[in-house]
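Me: I'd like to go through this model with you. Shall we take it one question at a time?

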Amino acid sequence: MSSSRLRTTAVASTAMFAVVGLLGACGGGGAAQSATSGGQPVYGGTLTYLEHQPPTCLYLPAAGFYPNGGILNQITDKLTWQNPKTLEIEPWIATKWEVNKDATEYTFHLRDGVTFSDGSPLDASAVAANFDVYGLGDDKLKLPVAEFVNNYERSEVVDPLTVRFHFDQPSPGFLQGTSVIGAGLVSKKTISLPYEQQCQLKNIVGSGPFTLKNQVVDKEVDLVARKDYNWAPPSSKHQGRAYLDEIKIIVTPEDNVRVGALTSGQADFVRYVQAYDEKTVKDAGFQIYAEPTRGVNNGLYLRPRNSILKDLKVRKALQAGTNAKEVVDTLFTGSYPPATSVLSHLAQGYEDLSKDLAYDPAKANRLLDEAGWARGADGTRAKDGVPLQLGVFVSGPQPLSKQTLELVGQQWAKLGVKLEIRPADAGTQAVDIKNAEKTAIQHGMVGRADQDVIKSHFHSKNRDVILSDDTKLDKLLEEESAEPDVAKRNAKVAEIQRYVLDQGYAIPLFEEPQVYGGAPYVQGVAFEAVARPWFYSVWKSQQ
Amino acid sequence: MTRYLLGRVGQAALVLWIAFTASYVLLRLLPGDSILIKFQNPELGLSPQQIAEIRTYYGAGDPPLLDYLNTLLGFLRGSFGYSIDTGTPVVERLGEALPETAKLASAAFVLAVLIAVLIAFAAGYSRTSWIRNALLSVPSVFVSVPAFWLGILLIQVFSFRLKLVPVIGGGPVQQLVLPVLTLAVPISAPIAQVLARSMDQVSTQAFVPVVAAKGASRWWILWRHVARNAVLPTLTVAGLTLGELIAGSVVTETVFGRGGIGRLTEQAVNAQDTPVMLAIVVLAAAVFVLVNLVVDVLFPVLDPRLKAAS
């Protein structure tokens, strides 16, 4: 242990000096690098990637958390590849597939010769074992069901390279579900471990272009390229092993240390550049990557079970009295497009509803008057002695959530509404978030490049951000989720967006991106459809 | 001496048990728990029903007393359980974090003592009153510098501007330079203050002019006579700075992105990871007890008069 640590730090310091050296002339790469200039990819080198938070549990379906996804996206492959530009599902480990007409049977034909990094084959039985867990969970191993699989019944191994999945109801979202970060394939040995074990990175054996070399829990994860990797998605121009030799993922919680380390040449790539730091990064000649997350927008979600918000007029008043543009203009940058609907304009089934989202304080005041909330001496409205006060938690994962809520609180104060902003104390939040009286409003978003994302957010059996008691909404969401025809499904998603806004359940603010910063010599950075970095084709050019 | 030590060990066990029980009760009283916090994370997209099932798996519904006894029994056997946040054994997490913090804290402590001695001696030696006053006000400045701010400032200046030491990567020594400085500055303040003040007091005692009259140099008096007599209260304060070392390491390790007990504490608090927090509390209490014991045992060694008295 200690000797390997010493070696790692030695490598680290060498890499460090190489990076610092890059400011003058390129170091580290040697002959291979000095022979090329700019355009042609080169092999070798280490990418130092600074993460904002340490990874938590690495059980694949929990990969949605960005620090987890940033690692798992390098060490696992998926059955299919969602093209981030077209959002089409393309072959990867599955070379082709058939779906029956009502989307209750999916047959995948697998690529031959793919192996996990422990040498075991990635075959039909391994894939079946993975999806049996993702679709059904495992009570004994304490493994929860994955969000991206709906209506799963069972798997069937047809032959070593053919696997079929059966669903008890149509599951049109499943094909896209096989491409998401949480659907990464792991070896049969990994998938049969209990939850606690699957949480630990050292137990995750995937077939991806990188494998784990060394981990210092909560501090650093070192990945090393797999030399025999030869099964990138066919649509990738780059095939064979990854260009980089190594990726060092270092947890650096302090915002300005991450940005300073990047611009001073100590790191190559960083996640979570705050809006107010974007200019610093750009001015230093570095690049900002603001990647869309293509799902339900960052916004405020109003809970109809709250005794004040149960009145539609109040919900509509808050919607009309919120100036999202001011929020974006004051706190954020061009990387954060103002919301034009419940969904991001890059989401599947998006419909432009910006007309319904116009800022109209006069209308808001009128609606509140009509609803019987009269202004008191201090300007705050009240009805029957109850002040118009609503509680919301600061949302940890959302950028500048506190500032956003404070600004909205100021806008609402003009209407005579008091927004009570509570700090994100995890324990209190975990208890009160399910209480519509205490937490009248939730601040959040969810990213996933499939129509089902709206169901994940609003359905009473999924994330249920509004603590829905609306059976019509649940029914609409279920219909969307079970509609095999794409055009009809998109129409349903559009209907849901209109319905959610009409009912005043949502106040969309902006399309939340994941913002990364990269050194100018880092080439070939790619992201999956929901903005997790994919370092397979990354290489470092000369400066 | 044996009886004394046995008594102290008994006291130590009692302190540890009280620390354990108090933190168990406090953690229990907090709203929510780590299982809820972890699985209610919207990223997981679990339904309330699934969360309820997971809670039963983990035995979250056990009666408090039973759970307390189980946990206590585990601690007595040396098994601290699993971190709910990461699913790893708590012992493993402590084992990884402890050496890092030990390195940081011990280096910072040594540096803090050096700074303190330097300030106290310079002030004691100086005859010019404004220099003396200036030197004596340094600890007040040091103690009011927030570690957070100092850390960021040091990083910005020495790492990002002057590029003298890297914050990311770097050798084991390079990695320590700035964090140690960050942690040492506020710790050095109380030590310097107490040392300077007690040197001042000792200087006014009658034996000092006598030694001077015998022809001893200023330096000799300061080093051989004043400092030796002033060291006892300083030792007590130095023992007490341990708490600040632990508290300071939370900030320092977070700012510098170092692994360690401080960072582990911060994460465990955020996730309300009870098994980890309990283990940290007991560990910190154990270290406190141990350091105090060492200080008490050192007293008679440094001052023969105390040996005679006991």
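Here are some questions and answers on where two chains meet and on some recorded spans.

Me: How many residues of chain B are in contact with chain A?
Reply: The model is predicted. A contact here is a pair of heavy atoms within 4.5 Å. On the chain A side, 49 residues take part. On the chain B side, the count is 53 residues.

Me: What area is buried between chain B and chain A?
Reply: Interface size is often given as the accessible area lost when the parts come together. Carbon and sulfur atoms give 58% of the area here. The area buried between the two chains is about 4,300 Å².

Me: Which residue of chain A forms a salt bridge with Glu92(B)?
Reply: Two salt bridges are counted between chain B and chain A. The cut-off is 4 Å between the side-chain nitrogen and the carboxyl oxygen. For Glu92(B), the closest N and O atoms are 3.7 Å apart, and the partner is Lys202(A).

Me: Which helix gives the largest share of the side of chain B that touches chain A?
Reply: Several helices of chain B give two or more residues to this side, including helix 5 (90-125), helix 7 (147-161) and helix 8 (172-203). The largest share is six residues. Those come from helix 7 of chain B.

Me: How many residues on the side of chain B that touches chain A are charged?
Reply: This side has 22 nonpolar residues and 21 polar ones. The charged residues number 10.

Me: How far apart are the end C-alpha atoms of residues 104-123 of chain B?
Reply: An unreviewed UniProt entry lists this span as one of the transmembrane regions of chain B. The span is 100% helix and 0% strand. Its end C-alpha atoms lie apart by 28 Å.

Definitions and conventions. Residues are numbered from 1 along each chain as its sequence is written. Chains are lettered from A and ligands numbered from 1 in the order in which they are written. This is a predicted model: local features need pLDDT of at least 70, side-chain atom pairs count only at pLDDT 80 or more; totals for chains, interfaces and linings use all residues. Side-chain values use heavy atoms; hydrogens and water are left out. Buried area is the accessible area (1.4 Å probe) that two parts lose on being put together, summed over both. Helices (H or I, at least four residues) and strands (E, at least two) are DSSP runs, numbered from the N terminus. Ala, Val, Leu, Ile, Met, Phe, Trp, Tyr, Cys and Pro count as nonpolar, Asp, Glu, Lys and Arg as charged, and the others, Gly among them, as polar. UniProt positions are given in the numbering used here, feature names are shortened, and annotations may be inferred rather than shown by experiment.
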